[in-house]
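Subject: The structure we talked about

Hello,

Here is the structure I promised to pass on. Have a look at it first, and then read my notes below.

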Amino acid sequence: MSYAIVPPYLLAKIAATDAPHLARAAEAARRTLTVPRPYRPRRATLELSVDGGHTLVAETSPAPDRTISDAENTETLPGTKVRGEDDAAVMDGAVNQAFDGLGTTFAFYWDAYRRDSIDGRGLPLEATVHYGRKYDNAFWNGERMVFGDGDGDVFTGFTGSITVIAHELTHGVTEDAGGLDYSGQSGALNESISDVFGALTEQYQLGQSADEASWLIGAGIFTPQVQGVALRSMKAPGTAYDDDALGKDPQPATMAGYVQTEDDNGGVHINSGIPNHAFYLVAVALGGRAWERAGLVWYKTVTGGSLPKNATFAQFATATLATAAAEYGEDSKEAGAIRKAWVEVGVLADGSGS
């Protein structure tokens, strides 16, 4: 299962438009929907050595190892290598943006949670730019980031948004932690977790507090002619865009608007608005840097090894409460904010885990 930032329902909406000025975008969207995204699960590796005392030790290094390749508008991966970790910036802006975005995401995970790359063991970070022709998406395929250039009418290139890059790389973190089934509520949690850490990576990069942040996912990937600011809003799900061709952002903020559908693996991109909004409520209630307390609870919940692969919203909510209680105390401000948020979005009836 490859994870893409632009949901299929949005591409389908663009593909169906008959607006003359979006004919090129409609064709690009139709092509994007048909292009396969082959999933390549990676095999975990760990470098071992023997120290002077004949003790087996694991070798890790808190520095990224990045490789950027160019697909040259084909659908062949990985493409031609155009920049490595020790290489200077090149003339291609997409290459440099991808390189910098991978580095920022690496730095965020290391500084915030002492996680050494996606797998916690220094996994090299690889990306391919200029994938396909007018390809309207970016995705994680199990081993690398892949970026399209957009159609130029609705979408610009995808390398310029750090929330897109960190979102997709976080799918790799979730996979490494045991994974969440990509359907229904567990799939929506999978998407939400990537949105959470995508937003936190941007806030880390900009030095923003929870109150200062935009809480937008994919800001800047729409062209100016689109009536919208981003793909999703964690602060106000359902308000990210409202455009004649794209329609209105369909994300609900609470369980009252939960969408029952078989499309998009059971609505994984739509219903992710609910846990997204819960995290936003926790972050602003606690204030300060959202990655330090709210983010820590989410990170430890995801990587703690106790979540079932088919976790429901309620199971995840209860797990965050347990993490907060273990980290800060059952009656702590952190636990209280988390309990209140899950009640407010309608996932827990009384905040007690029921």
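This is a predicted model: local features need pLDDT of at least 70, side-chain atom pairs count only at pLDDT 80 or more; totals for chains, interfaces and linings use all residues.

**Helix H10 and its surroundings**

H10 itself runs over residues 333–344, and at 1.5 Å a residue its twelve residues should span 16 Å; the C-alpha atoms at its ends are 16 Å apart, which agrees. Its buried residues are Glu334, Ala335, Ala337, Ile338, Ala341 and Trp342. Looking down the axis of H10, you will find these buried residues within an arc of 165°, so they line one face of the helix. Lys333 and Lys340, on the other side of H10, are exposed. After H10 comes glycine 346, which has a positive phi, near 85°.

In helix H1 (residues 8–16), Leu10, Leu11, Ile14 and Ala15 are the buried residues. They fall within an arc of 140° when seen down the axis of H1, so here too one face of the helix is lined by them. Helix H2 (23–34) is included in what covers them.

Leucine 22 sits in the loop between H1 and H2. Is leucine 22 buried or exposed? Its relative accessibility is 4%, so leucine 22 counts as buried. Setting aside neighbours within four places in sequence, leucine 22 is in contact with Thr17, Asp153, Val154, Gln225 and Ala245. To give you a sense of distance, leucine 22 and alanine 210 are 37 Å apart in space, C-alpha to C-alpha, and 188 residues apart in sequence.

**The nonpolar cores**

The largest nonpolar core has 94 residues, and those with the most contacts inside it are Phe155, Phe197, Leu200, Trp215, Trp298 and Trp342. Which helix gives the most to this core? That is helix H3 (residues 93–113), with nine residues. Phenylalanine 155 touches, among others, Leu10, Leu11 and Ile14, as well as Asp136, Asp149, Ile221 and Phe222, when residues up to four places away in sequence are not counted. Another core, of eight residues, lies apart from the largest one; Ala71, Tyr131, Tyr135 and Phe139 are among its members.

**Aromatic rings**

Phenylalanine 108 counts as buried, at 0% relative accessibility, and tyrosine 109 counts as buried at 4%.

Phenylalanine 222 and tyrosine 241 form an edge-to-face pair as well, 6.1 Å centre to centre with 85° between the planes. Phenylalanine 222 lies in the loop between strands E9 (216–217) and E10 (232–233), and tyrosine 241 in the loop between E10 and strand E11 (242–243), so this pair ties together parts that are 19 residues apart in sequence. Both phenylalanine 222 and tyrosine 241 are buried.

Ring pairs also link Phe108, Tyr109, Tyr113, Phe197, Tyr204, Trp291 and Tyr299 into a cluster.

Finally, take a look at phenylalanine 99. Arginine 66 lies over the face of its ring, at 3.7 Å from the ring centre, and arginine 83 lies over the face of phenylalanine 99 at 3.6 Å.

Best wishes

Technical notes:
Residues are numbered from 1 along each chain as its sequence is written. Side-chain values use heavy atoms; hydrogens and water are left out. Helices (H or I, at least four residues) and strands (E, at least two) are DSSP runs, numbered from the N terminus. The expected span of a helix is 1.5 Å times one less than its number of residues. Buried means under 20% relative accessible area, exposed over 50%, partly exposed in between (1.4 Å probe, protein chains only). The arc is that of the directions from the helix axis to the C-beta atoms. Contact means heavy atoms within 4.5 Å. Rings of Phe, Tyr and Trp (its six-membered ring) pair if their centres lie within 6.5 Å; planes under 30 degrees apart count as stacked, over 60 as edge-to-face and the rest as tilted. A charge sits over a ring if NZ of Lys or CZ of Arg is within 6 Å of the ring centre and within 35 degrees of the ring normal. A nonpolar core is a set of buried Ala, Val, Leu, Ile, Met, Phe, Trp, Tyr and Cys residues joined through side-chain atoms within 4.5 Å.
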